Amino acid sequence: MMDSLPLLVAATLNSGTVLAFAALGLLINERAGIVNLGAEGMMLVAAVAGFATVVHTGNDWLGLGAGALAGAAMAAAFGVLVIWLNTNQYASGLALSLFGVGFSAFIGIRYTQEKLGERPNFQIPGLADIPVLGPALFRQHPMVYVAIALTVAIAWFLYRSRSGLVLRAVGESPESAHALGYPVRRIRFAAVLVGGALCGISGAYVSSVYTPLWVEGMIAGKGWIALALTTFATWRPARVLLGAYLFGGVTMLQFHLQGEGVQVPSQFLTMLPYLATIVVLVLISRNASFIRINMPASIGKPFFPG
Amino acid sequence: MPRFSKRSFVQLAGWSAVAALAAVAGCSKKEETTTTTAAPASAPMAAASAAPAAAKGPLKVAFAYVGPVGDGGWTFAHDNARKAVEKHFGDKVQTSFVEKVPEAADAERVFRDMAGQGNKLIFGTTFGYMEPMLKTAADLKDVKFEHATGYKQAENMRTYDSRTYEGAYMAGVIAGGMTKTNTLGVVGSIPIPEVIRNINSFTMGAQSVNPNVKTKVVWVNEWFNPPKETEAAQSLINGGADVLMQNTDSSAVLQTAGKAGKYAFGWDSDMTAYAPNAHLASSIINWAPYYINAVQDALDGTWKGGGGVWWGVKEGAIDIVSISDKVPADLKTKVEGVKAGLKAGTFVIWKGPIVSNEGKEVLAAGTNADDKFMGGINFYVKGVEGKVPGGEKK
């Protein structure tokens, strides 16, 4: 058990990173008052875009960039619908998800049998050789560290910068922000684009780094989990990251316990990650005012500038 | 007085855009299924040969798949066999398929739809279609139903299966010879007898060349979920396993092994291309002999429901292919020996004495397991770690 603990930690960080990118993107959306249920669809389209790019260029970073662009493009369509045409956010988001599932399968047909070359291994020179800590923390894909840096950056942006304050104002009370002269619709649109790009990076990370292949429906519900995470984390960036690691950790732990031959039905273990999130949710919602303070007041509501 | 404001008009436009998006999503799906039907039995060809065929159109055959055709594994193998049927019979048959049909009540609607479109022979290619297919078969007596891996039959419904455990055993022989840590890992899908049988057979194959081998098992409780399969494979590798096998439908386990510098096998279809360095061999199912046989029966009018067949290496339904150059020659010879024995019927995998991992003798010395025994395996053999989850019982 002790030998495999660092490996378990490493796998947890890797698994949590996928959720963290998507959930951070959705957090920015929701802080601006927009709920985008299309995460799953955006991630799928980004996954195929990212994978195709890596197949043709052999460069993971270009793949992640292509994923970000694809996610942002999907989000742009969604943004125009809900921000300027004032369609229902939930219905449009669901449509985006359904569309993404079908569309990614359609454009991905020719890539299902493609394979990527040998995947490089990453490690931080020096630190990677520290016993226990090295294999646990310092042999990860760079994106794992980027996720942590991004969380810090987003927290700083939301709570310490002026534009972050404006973004939150738009999510709390678009009318007031509008009255003060802020371009509410354009700010919301920018938030939607960034959210889509981050979901896209997450999708491309899945198809080019995490599980380097493309098959239809390969995101397998991670987009929905990321959506739930933002709520569980009460729209706070640090909690989103912790939640992503918690979910990743419980997922990996249950496989680990099975491998160790622990005498618990595997069906129960499969249930664990979901159970853990529900427990966290219950603990958080014991204090109702806590959620109300953190929840953007105008989330999901359309804004009509007079 | 009602009037159209600019806002409500804009809103209407938005809603129709949403509807259009959804419609496009729906269409892209449909396109996939219809294009493949049209190509082989194109109109002019059919017209030319229609005259001698006594004004009888081609036999319409439909397939319901649980996964996407592009899974590279289970469904891919079925679809290859469907293509083989088209090639074999030419314009005498017209095939079509619907992919990603859920293992639930929805399947019944798909079967009825297929019958409504004039299909006279319908294949359902996963265990979970059993009840929906049985219900449909009871109503539509003039349609012939074929159900894979199930055990319930009707006068117009029969079952077929392949002895995937023979492939698992042969993979095990290779795994037992290749492991350095004496620890094998299996990513299991759903704990039904078929899958447990494969895990056991894999272990028995490995023990035939290396008695010290033990097998770790991790269940993902799904047939197809690449990220989850990756995580399960990673946890097995973390636990010390250096040769992996999977009973899930994608190539994720093989690729994870490749990334970690370990070995693994292809399952259901030849998966060499996904990770050439990690790939030891592929245990494949060839459904084509059975499908061609079944279609021939239907064309000849000799098709009879109510029975079930279970084909293996002997009938050409199971094979181990693309054995890697990393596998030493003597090990290859051993595998070829097993294959030849299975083909000739001289070698029996499930032969007593067999002891469960709880130390109970489940099959007495000198007896060969019959198919009833094989269909009810819910124990791990000696060498497999852990306990079978109390899953579905056949």
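So, at what angle do helix H3 and helix H10 of chain B pack? Keep that in mind while you look at the model, which is a predicted one.

Okay, the helices. H3 of chain B covers residues 74-89, H10 of chain B covers residues 288-300, and the two pack at an angle of about 50°. Their axes are 9 Å apart. With that angle, H3(B) counts as oblique to H10(B), and the crossing is right-handed.

Who's touching whom? From H3(B) we've got Ala81(B), Arg82(B), Ala84(B), Val85(B), His88(B) and Phe89(B). Across from them, H10(B) brings in Ala288(B), Tyr291(B), Ile292(B) and Val295(B). Sort that H3(B)–H10(B) contact by class and you get eight nonpolar residues, one polar and one charged.

Where they meet, domain 1 of chain B puts in 21 residues and domain 2 of chain B puts in 26.

And our two helices turn up again here. On the side of domain 1 of chain B that touches domain 2, the elements giving two or more residues are H3, H10 and strand S11 of chain B, residues 308-311. H3(B) gives the most to that side, with four residues. By class, that side of domain 1 of chain B has 11 nonpolar residues, seven polar and three charged.

Methods:
Residues numbered from 1 in each chain as written. Chains lettered and ligands numbered in written order. Predicted model: local features only at pLDDT ≥ 70, side-chain atom pairs only at ≥ 80, totals over all residues. Axes fitted to C-alpha atoms, helices over the stretch in contact; angles between N-to-C directions. Parallel < 35°, antiparallel > 145°, perpendicular 65-115°, else oblique. Left-handed = near helix turned anticlockwise from the far one by under 90°. Contact = placed C-beta atoms within 7 Å. Nonpolar A, V, L, I, M, F, W, Y, C, P; charged D, E, K, R; others polar.
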